[in-house]
Amino acid sequence: MEPEQVPAFSKRATWTSDMSYHSLYEEDDVKKTFISSEIIEDLEGSREKPKVALTKRFSWLHPVVHLFPVAVTFSILQLSFRSVYWADDGRFDKRWQDVLQFPAKLHEILIVTSLSAMVLHIFRRMLVGSNGIPLGLMVGAFQIGSAEYLVSKSYIKPLRHSLEHKHYKTFMVALALGSAIMYSFLVGPASAGALIPGLGWWHIHKPFNDSLPLTNYLGRNQSELYPMKLQRSNIPRTCLRHWYDQGCPAEGFDLLDTWAWTRVKERYRYNVTEGQHYNPVMPSSFSGQAQREIVTGLVNAHNSSTAAAMSGTLHSSILALTDAFWHYINSNIVGKINRTKRPMFTISPNTPVSIPLVQSQCTCYDYEAARNGFIPTDPYITFETGAMVNDFSKSASNPYAWTKWIVPNEAWNFTRSLNITDVKWVDASEVKGTNDEPLHASLAAVVTVPITYQRSLDEQSSLTCPCMIDARWATTGVSFDTADDVVKTDLTDWLDTVNLTGRTDTLSKWNITSPISLSSDWATALQAVNGSGISNPDSIFYRLGFVETLLQEFVTTDDGESLLFSPISGLGNFEDTPDEIAIILSTAVADWISRSTFRYTNFTTVLSRDKDGTVSSVDLLLQRYASAFGTTQTSTFNGQTRVDYKVQRYGWGYGLDTGTIWFSIIILLTHVLLVIVYFVYSFVFWFRAKGWTSNAWGSIGELVALAILSPPADELKNSGAGIHHSKTYMTELRIREEGADPERLELVVGRRNGMVIPSDHMVRIDKEYA
């Protein structure tokens with residue numbers, strides 16, 4: 001059987017220069033035709049028609065792509081500028097956070113679209129212009145929002161090549177393109193940050209009804225409420241007999257004694273210098289629900305052997321006023337605040353308040369060595385003040401740091417038992433410097449505490465510790481979060497969280513006064529309190545006064561007879577004893593000053609507007625009784641201290657108080673600025689004789705179609721599988737009329753071996769091209 005004959009085909013037909021396809025085989029079977037008559041008809045109907053590339057006609061649709069995202073931006077930012085409040089925390093459905101991500105993403109898309117249109121317009125001008133645009137950068141016009149492009153060779157190589165070869169114009173274009181892409185990365189977070197409400201404190205514009213001014217008055221003038229001089233005569237007589245009565249300066253003894261006892265028991269767990277300490281908390285004299293803390297920090301100095309303790313606490317009158325005012329609001333319908341789940345009161349800057357700020361620094365000497373003249377450094381003992389601040393202005397010198405102040409001999413040099421705890425108060429006027437300099441402090445004290453030496457525990461000895469006290473008034477902000485019992489101040493919060501060493505110059509912003517004059521008879525009268533009530537003569541607390549009892553909490557018995565003052569750092573750490581005593585003194589004196597003017601102070605809230613010289617009012621401390629309500633002559637409040645409260649609420653809303661929102665505002669308004677600049681630039685260009693607008697080559701597909709219709713380029717030879725050289729990416733692209741057929745356009749790559757003149761065959765305005 002003969003094998004089947006395979007027909008022989010000749011291969012004479014091939015590709016021709018007219019770019020049409022011809023079969024390789026002469027024998028063409030009609031049944032194998034790839035294009036049917038129906039397909040040909042479809043292709044004929046779908047062919048593009050000639051169109052204008054550049055037109056002088058202005059289309060009002062062009063600005064819409066820019067103006068619409070700008071309008072959305074202003075709408076979103078209005079939420080923050082108008083401080084729109086959404087809902088209280090706990091009443092806000094957090095699913096809204098997820099829902100709002102969607103419009104934020106749409107806003108991002110609108111802005112990126114606008115940005116892309118700007119870049120395309122500029123690159124389109126470069127394409128039809130004389131100089132063209134590098135191949136690598138032209139690709140970037142369609143890559144706005146792509147991080148991958150920024151690290152690709154098509155961007156990095158033109159950027160680096162243009163800089164290395166000093167093509168600065170191209171380098172600036174590449175830099176601007178990269179900046180636009182990086183800016184597009186920020187638009188999404190900025191839009192979300194501006195559109196999604198934040199959780200925080202938001203101001204209530206009108207917390208009270210218009211008919212309720214709710215203005216508060218303390219029945220003392222400023223000089224009485226914040227006295228610059230305190231003496232025994234300023235203490236109410238009843239407080240000298242019954243120190244525990246409400247509003248007496250020594251009323252806080254029991255709580256301070258508990259605080260001292262707790263410090264001793266907890267020891268190192270409450271370390272003032274590390275901010276892990278236990279602050280004594282004093283309840284309000286009205287209901288006891290609101291509280292204030294006495295906060296203490298230690299200040300060290302390189303030229304001082306001991307640290308200074310700095311204590312601050314809220315004025316007890318302000319605490320009681322805040323507590324009673326909140327109780328009144330919570331018990332009556334007064335306005336929008338009653339619908340607020342978690343309000344916070346802050347005292348208006350228009351009615352500032354002050355708090356006591358007390359410094360104390362001590363140093364200790366062995367009593368027997370000092371009395372027998374064994375102190376080698378000085379012929380007398382002195383107060384240590386190197387760590388204290390004398391003037392709180394940033395530029396002032398500090399005489400405390402370089403002056404030695406002599407301890408009056410009669411304050412310490414007398415015969416006494418070695419195992420006693422004792423405090424003697426000394427007027428500041430009795431203390432002089434070594435060169436007879438006057439002391440501008442508040443008060444001084446000489447504290448005696450017992451010690452025993454480790455070499456012989458039965459060898460009872462004593463320390464004499466001269467202490468300097470500097471008390472002042474400091475103006476500060478006050479806030480009361482009703483979800484927290486403690487009424488806070490800016491200054492005490494700062495003291496509680498900041499390492500004070502080297503930071504005391506910051507205190508100047510609190511408008512601190514000169515030292516308050518505290519007389520020794522004032523301190524002695526308060527010291528006379530025998531709060532322990534112990535009548536057993538054998539007790540180590542027998543007949544001790546206020547501060548002495550606090551100090552005695554730190555005294556232990558080693559062998560049943562010898563006594564030892566032990567700071568919280570541990571037994572035998574004598575070097576820490578001055579700091580411990582300074583903390584006790586500054587804390588106690590701060591509390592005394594805080595309470596010094598509370599008793600016999602009236603607390604009044606005005607409930608109506610002035611009518612014929614009278615207003616309705618309530619005595620806040622007696623508001624439980626009907627007799628507390630009545631009318632008061634407005635002249636009664638002349639000279640009294642006014643306190644206004646601003647109200648905030650905790651919840652979800654929009655505002656200008658966070659760094660996040662300002663980031664969003666800057667990013668979003670940057671787009672607005674870009675649109676304005678772009679509009680000016682585009683209008684000036686369009687208004688010129690050779691200006692135009694265009695929608696041509698607005699997508700990568702249109703540019704690819706033009707490239708297919710254009711002749712091949714030698715500059716891109718061997719780049720079919722990729723581009724490696726920087727010079728290839730720097731090849732200029734231009735769009736020109738085809739030389740042989742001016743009715744058609746072509747993409748000119750490079751200069752075709754010098755055959756292309758950049759200014760020839762330019763694209764014409766309002767001409768149709770095939």
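Predicted model: local features only at pLDDT ≥ 70, side-chain atom pairs only at ≥ 80, totals over all residues.
Q: Why are Cys 239 and Cys 248 called a disulfide?
A: Their sulfur atoms are 2.0 Å apart. The cut-off is a pair of cysteine sulfur atoms within 2.5 Å, so the pair qualifies.

Q: What makes the disulfide of Cys 239 and Cys 248 left-handed or right-handed?
A: The torsion about the S-S bond is about -80°, so this disulfide is left-handed.

Q: Why is Cys 239 called buried?
A: Its relative accessibility is 7%. Buried means under 20%, so Cys 239 counts as buried. Cys 248 is buried too, at 1%.

Q: What makes Cys 364 partly exposed?
A: Its relative accessible area is 21%. Cys 465 is buried, at 0%.

Q: How do you know that the pair Cys 362 and Cys 467 ties together parts that are apart in sequence?
A: Cys 362 lies in strand E11 and Cys 467 in strand E18, so the tied parts are 105 residues apart in sequence. The S to S distance is 2.0 Å. With 115° about the S-S bond, this link is right-handed.

Q: How do you know that Thr 482 and Pro 343 make a polar contact?
A: The backbone oxygen of Pro 343 lies 2.8 Å from a polar atom of the Thr 482 side chain. The limit is 3.5 Å, so the pair is within it. Thr 482 also touches other residues, including Trp 326 and Phe 345.

Key:
Residues numbered from 1 in each chain as written. Heavy atoms only, no water. Contact = heavy atoms within 4.5 Å. Polar contact = N/O pair within 3.5 Å; in protein donor to acceptor, adjacent residues only side chain to side chain. Buried < 20%, exposed > 50% of the residue type's maximum accessible area, 1.4 Å probe, protein only. Helix = DSSP H or I, 4+ residues; strand = E, 2+ residues; numbered from the N terminus. Lists of a residue's contacts leave out its neighbours within four places in sequence.
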